Amino acid sequence: MAEHADLVITGADVYTVDAARSWSDAVAVRGDRIVAVGSEPASALIGPRTRVIEASGGMVLPGFQDAHIHAPFAGRNRLRVWLNDLTGRQAYLDRVARYAADNPDQPWIIGGGWAMEHFPGGTPRKEDLDAIVPDRPVFLFNRDVHGAWVNSRALEIAGITRDTPDPADGRIERDPDTGEPTGTLHEGAAYSFNDRHVPLPGRTEWEDAILNAQEHLHSLGITGWQDAWVTPGTLEAYRSLAASGRLAARVVGALWWDRHRGLDQIPDFRTQRESATAGGFHPTTVKIMVDGVLENYTGALLEPYCDGCGGHTDNHGLTYVDADLLAAAVTELDRLGFQVHLHAIGDRAVRNALDAVAAARTANGRTDNRHHIAHLQLVHPQDVPRFRQLGVTANCQAYWAQMEPQMEELTLPFLGRERAELQYPFGDLLRSGATLAMGSDWAVTTANPLEEIEVAVTRIDPEHRDNAPFLPEQALPLSVALAAFTAGSAYVNHDADGGTIAVGKRADLAVLDRNLFAAGAGLPADARVTHTIAGGAVVYESGRSG
């Protein structure tokens, strides 16, 4: 007789996400592998020690994989000042004040997650923080991590005054009359402040942050991810967790490209790749920020920003890596077998990123490094077919493709109508033959794949379903969105054992309380994850903690 299974899931509709998008009705697991698919072979493997999960009426999917996430930073904020689940200026201030009162010995108040839409012009002021924390520095990244809110004590420690020049890659928000810093730091001004002045966490603190994030992500059916911002500190924490078996997820680490250096940093990446690979952690990618974001006018555009009143400015946004250096970097990284993960928001940044991959293809031929471009808010129509032509995966943050206050107030007036209709062209990318992956960019927005998939399918905020859809012609079919968050992201992560359900594959599975395709099932965000299995182990079960 065959050896018994350790786990059998039965009673559910099993969506394998294979090439045929086939269905089954049971899965059996032994160790960390799927050993049977289908009720007949799975039932034959049930023995006295087999755990059987009866998931009647549910749905089994491959474990979700998030192709662009910031797990350590999200976990750290969750353990410090977590603002992402709040709405409005006063709610933010109340939580900061409560944390400061509860932690009188903390020399810095650190966290983030505030949304620009709740402040005039998207820029909060230091005076609000001064009123509640006058004696200690406060540093709070905003939700998209492209700006920070600081108090007067923090500015004083950094020596930032009216006479301090803006860095080349960022901006200090200033009072228009006095020139005094108002308390908002944009882009490089925020990053350099963080790097130079905010105390760095030690390895144990980073490990705790990653484990906190992992627990949350497991509760959402996520069994693997690509960390889009791996620093030396988080690299060592990941390596330690993987080596000790505490990292249950499979993680690809994207090593952070320092925009203030050049090709000289590439040997460092090779050393990190060789020294930090352990267990399920694979630091095989390099992340390059090509531009900023549209809301603070640092996203790189082919044509200048509008002024919000029907005219134009002379501002084309910022490119953080010169086009020639970007091409040289991608070419060399590609030659050395690295995957390159490119942040590109504006149409000029997307074009520069595609041009860089084209240069690498010319120099090195077609490799299997699976380069990808994330965010893709604005893509010139001429560049859409280049994704398929160059073999570049479109890494989509689908939750952003909705009409919401930040879009209405801080984006549309400064793009103009014609360009506004080119945003998040996921449907066009699909029709052009591009490979799609999906990621959340958590903690920028929700980490819940079901909420993100709903927006991909409806182009409407799940919390405001009466809203009009945002460019509905760019919506994706449900089957495509699910595949992008499973097989597509597994492809980006070079994970041949994940992303689909088949005998011999790694047992990474998400069990939902309903079949998303069934009549009467509602919309994707109505569903809930009941179980998450990572490498054969049940790492989350609804109704149970710890």
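Throughout this tour, contact means heavy atoms within 4.5 Å. The model is predicted, so local features need pLDDT of at least 70 and side-chain atom pairs count only at pLDDT 80 or more, whereas totals for chains, interfaces and linings use all residues. Residues are numbered from 1 along each chain as its sequence is written, and side-chain values use heavy atoms, with hydrogens and water left out.

**Stop 1: Gln406**

Select Gln406, which is found in helix α13 (residues 405-415); helices (H or I, at least four residues) and strands (E, at least two) are DSSP runs, numbered from the N terminus. Gln406 counts as buried at 16% relative accessibility, where buried means under 20% relative accessible area, exposed over 50%, and partly exposed in between (1.4 Å probe, protein chains only). Display next the residues in contact with Gln406, leaving aside neighbours within four places in sequence: Met116, Glu117, Glu295 and Thr411.

**Stop 2: the cavities**

A cavity is a set of points, on a 1 Å grid over the protein atoms alone, where a 1.4 Å probe fits but cannot get out, and lining residues have an atom within 4 Å of a point. Grid points are joined across faces, edges and corners, and a volume is the space filled by probe spheres set on the points. The structure holds two cavities of 30 Å³ or more.

The largest cavity has a volume of about 90 Å³. To centre the view there, select His70, Asp144, His146, Trp229 and Met289, which are the closest to its centre among the 14 lining residues. Coloured by class, this lining shows six nonpolar, five polar and three charged residues. In this scheme Ala, Val, Leu, Ile, Met, Phe, Trp, Tyr, Cys and Pro count as nonpolar, Asp, Glu, Lys and Arg as charged, and the others, Gly among them, as polar.

The second largest cavity has a volume of about 40 Å³. For its lining, select Trp114, Met116, Gly122, Asn142, His146, Gly147, Ala148, Thr184, His186 and Asn296. Strands β10 (147-150) and β12 (181-187) each supply at least two residues of this lining. Its class division is three nonpolar, seven polar and no charged residues.

**Stop 3: the loop between β15 and α10**

Select Asp291, in the loop between β15 and α10. Asp291 is buried, with a relative accessible area of 0%. Not counting residues up to four places away in sequence, Asp291 touches Thr298, Gly299, Ala300, Leu318, Tyr320, His343, Ala344, Ile345, Gly346 and Ala349. For one distance to draw here, take a polar atom of the Asp291 side chain and the backbone nitrogen of Ile345, which lie 3.0 Å apart.

Continue to Tyr297, in the loop between β15 (281-289) and α10 (323-335). Tyr297 is not a glycine, although its phi is positive, at about 70 degrees. Tyr297 is partly exposed, with a relative accessible area of 25%.

**Stop 4: the loop between β19 and α16**

Select Asp441, which lies in the loop between β19 and α16. Its phi is near 65 degrees, a positive value in a residue other than glycine. Asp441 counts as buried, at 5% relative accessibility.

Next, show the backbone of Trp442 and Ala443, which are joined by a cis peptide bond with omega of about 20 degrees. Ala443 has its place in the loop between β19 (436-438) and α16 (449-458).

**Stop 5: helix α16**

Follow the chain to the start of α16, where a side-chain oxygen of Asn448 reaches to within 2.9 Å of the backbone nitrogen of Leu450. The helix is mostly covered, with eight of its 10 residues buried. To highlight them, select Pro449, Leu450, Glu452, Ile453, Glu454, Val455, Ala456 and Thr458. These buried residues of α16 pack against β6 (64-69), β13 (222-230), β19, α17 (478-492) and β20 (509-512). Just after α16, Arg459 takes a positive phi of about 60 degrees.

**Stop 6: cysteines**

Finally, select Cys306, which is buried with a relative accessible area of 9%, and Cys396, which is buried with a relative accessible area of 1%. The structure holds zero disulfides, a disulfide being a pair of cysteine sulfur atoms within 2.5 Å.

Note on methods
On a 1 Å grid over the protein atoms alone, a cavity is a set of points where a 1.4 Å probe fits but cannot get out, and a pocket is an open set with protein on both sides within 12 Å along at least five of seven lines; lining residues have an atom within 4 Å of a point. A polar contact is a pair of N or O atoms within 3.5 Å; within protein, one must be able to donate a hydrogen and the other to accept it, and residues adjacent in sequence count only if both atoms are side-chain atoms.
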